Amino acid sequence: MKMGIYKGIDVSLWQKNIDFNAIKASGIDFVIINAGYGHSIHQKDPYFEQNYSRAKAAGLKVGAYWYSYADSATNAKLEANTCLTAIAGKQFDYPIYFDLEEKSQFKQGSAFCSGLVRTFCSEIESYSYYAGLYISRSPLQNYISPDVASRYALWIAEYNPRLNYSGNYGIWQYSSTGSIAGISGNVDLDYSYIDYPTIIKQKGLNGYGTTHPLKSTDEIVAEVLAGKWGNGPDRQNRLSAAGYNYSSIQASVNQRLNQKSIDTLAREVIQGQWGNDPQRSQKLRAAGYDPTAVQRRVNQLL
């Protein structure tokens, strides 16, 4: 087995409440945290804020990843903007990764998948983040063009005694069934072969290059709704000049203004307005809602 320089884990809502102090004490150096999925801010991982703050407080180095369902380059850019909204105001020591796993995406072929990666990562980079790709080894070799694979930071999954990839990469996810103090149940285990924290700080990326740290998206959205950033082109110019992603902030504002309650959605589902599964869940998710929460309320009402 190729021995890693830095030991890490990656986590999401599936690990629920995590004791990051115990994780740090066990010898783990870094954690890559799921920030969310899809192209709606309502799809932000519900444990992301907690995981980020507790991991940082424990002295762990932190990165983030965004799970993709994009079916076009346009959607990949929307996902990038939503990811940027979710991670605003924070500092990351490891790259921000585009998580490409869906079979429906791989079925579209190499040019399509490579285009998704390029679109997402280019958008992330345009806001001074270090961008990367998370993907399993086989689809990496089959569906990602060499120029894209060599362009962005690679985090590769392969659960074998060694990673059978001859190209350059930064992180190897070598197990999905790891056991570690501080987490109940299985957790993914990783080795990092690159000193990303030093590189990122030296380049002033991932929030480390901002003299005045950006406010969180929730804070900015509240200020916009309170009229502190003006309207129309004036709002766009002021937000952009202050270092914020206007399109993602505005999308979050629109969603805040137009969001339906779970009760309203549940009644619409009962009335048949959202169809039946699996299409119903897909439509709800695409609209920025949690289909599981909606279905739970449907069951209660019935």
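I count two strands as paired if DSSP finds at least two bridges between them. The model I am looking at is predicted.

**Entry 1: the barrel**

I began with strand 3 and strand 4. Strand 3 covers residues 61-67 and strand 4 covers residues 96-99; four bridges join them, and they run parallel.

Eight strands form a closed barrel in the order 1-2-3-4-5-6-7-8, and the pairing is mixed. Neighbouring strands of this sheet are turned against each other by 30 degrees on average, direction ignored.

Next I checked which helices pack on the sheet. Helix 5, residues 110-125, touches strand 3, strand 4 and strand 5. The direction of helix 5 makes about 160 degrees with that of strand 4. Helix 8, residues 196-203, also packs on the sheet. I list its contacts as strand 3, strand 4, strand 6, strand 7 and strand 8. The direction of helix 8 makes about 85 degrees with that of strand 3.

**Entry 2: strand 6**

I asked how many residues of strand 6 are buried. Five of the five are, across residues 153-157, so the strand is largely enclosed by the rest of the structure. The cut-off I used for buried is under 20% relative accessible area. I checked the two faces separately. Ala153, Trp155 and Ala157 are buried on one side, and Leu154 and Ile156 are buried on the other.

I then looked at the partners. Strand 5, residues 131-136, runs parallel to strand 6 and is joined to it by five bridges. Ile135 stands opposite Ile156 there. Strand 7, residues 171-178, pairs with strand 6 in the parallel sense over three bridges. In that pair Trp155 stands opposite Ile171.

**Entry 3: strand 8**

I put the burial question to strand 8 as well. Six of its six residues are buried, so strand 8 is largely enclosed by the rest of the structure. On one side I find Val187, Leu189 and Tyr191. On the other I find Asp188, Asp190 and Ser192, and these are buried too.

Which way does strand 8 run against strand 1, parallel or antiparallel? I find it antiparallel, with five bridges. The bridge partner of Tyr6 in strand 8 is Ser192. Strand 7 is also antiparallel to strand 8, again with five bridges. Ser175 stands opposite Leu189 in that pair.

I looked up Tyr191 by itself. It is found in strand 8. Its relative accessible area is 8%, so I count Tyr191 as buried. Tyr191 is 183 residues from Gly8 in sequence, yet their C-alpha atoms are 5.9 Å apart in space.

**Entry 4: nonpolar cores**

I searched for cores next. The largest nonpolar core has 58 residues, of which Ile9, Leu100 and Ile144 touch the most other members. A second, separate core has 14 residues, including Tyr134, Ala157, Tyr196 and Leu205.

Leaving aside neighbours within four places in sequence, Leu100 is in contact with Gln105, Phe106, Cys113, Leu116, Val117, Leu133, Tyr134, Ile135 and Ile144.

**Entry 5: rings**

I searched the whole structure for aromatic pairs and found 17. One aromatic cluster is formed by Phe30, Tyr94, Tyr130 and Tyr196. I also noted a charge over a ring: Lys90 lies over the face of Tyr52, at 5.5 Å from the ring centre.

**Entry 6: single residues**

I looked up Glu268. Its place is in helix 12, residues 262-270. Is Glu268 buried or exposed? I count Glu268 as buried, because its relative accessibility is 11%. Beyond four places in sequence, Glu268 is in contact with Lys260, Gln273 and Trp274.

Lys16 has a phi near 55 degrees. I place Lys16 in the loop between strand 1 (6-11) and helix 1 (20-25). Ser128 has a positive phi of about 65 degrees and is not a glycine. I place Ser128 in the loop between helix 5 and strand 5. At 40% relative accessibility, Ser128 counts as partly exposed.

How values were computed: Residues are numbered from 1 along each chain as its sequence is written. This is a predicted model: local features need pLDDT of at least 70, side-chain atom pairs count only at pLDDT 80 or more; totals for chains, interfaces and linings use all residues. Side-chain values use heavy atoms; hydrogens and water are left out. Buried means under 20% relative accessible area, exposed over 50%, partly exposed in between (1.4 Å probe, protein chains only). Helices (H or I, at least four residues) and strands (E, at least two) are DSSP runs, numbered from the N terminus. Rings of Phe, Tyr and Trp (its six-membered ring) pair if their centres lie within 6.5 Å; planes under 30 degrees apart count as stacked, over 60 as edge-to-face and the rest as tilted. A charge sits over a ring if NZ of Lys or CZ of Arg is within 6 Å of the ring centre and within 35 degrees of the ring normal. Axes are lines fitted to C-alpha atoms, for helices over the stretch in contact, and angles run from 0 to 180 degrees between N-to-C directions. Contact means heavy atoms within 4.5 Å. A nonpolar core is a set of buried Ala, Val, Leu, Ile, Met, Phe, Trp, Tyr and Cys residues joined through side-chain atoms within 4.5 Å.
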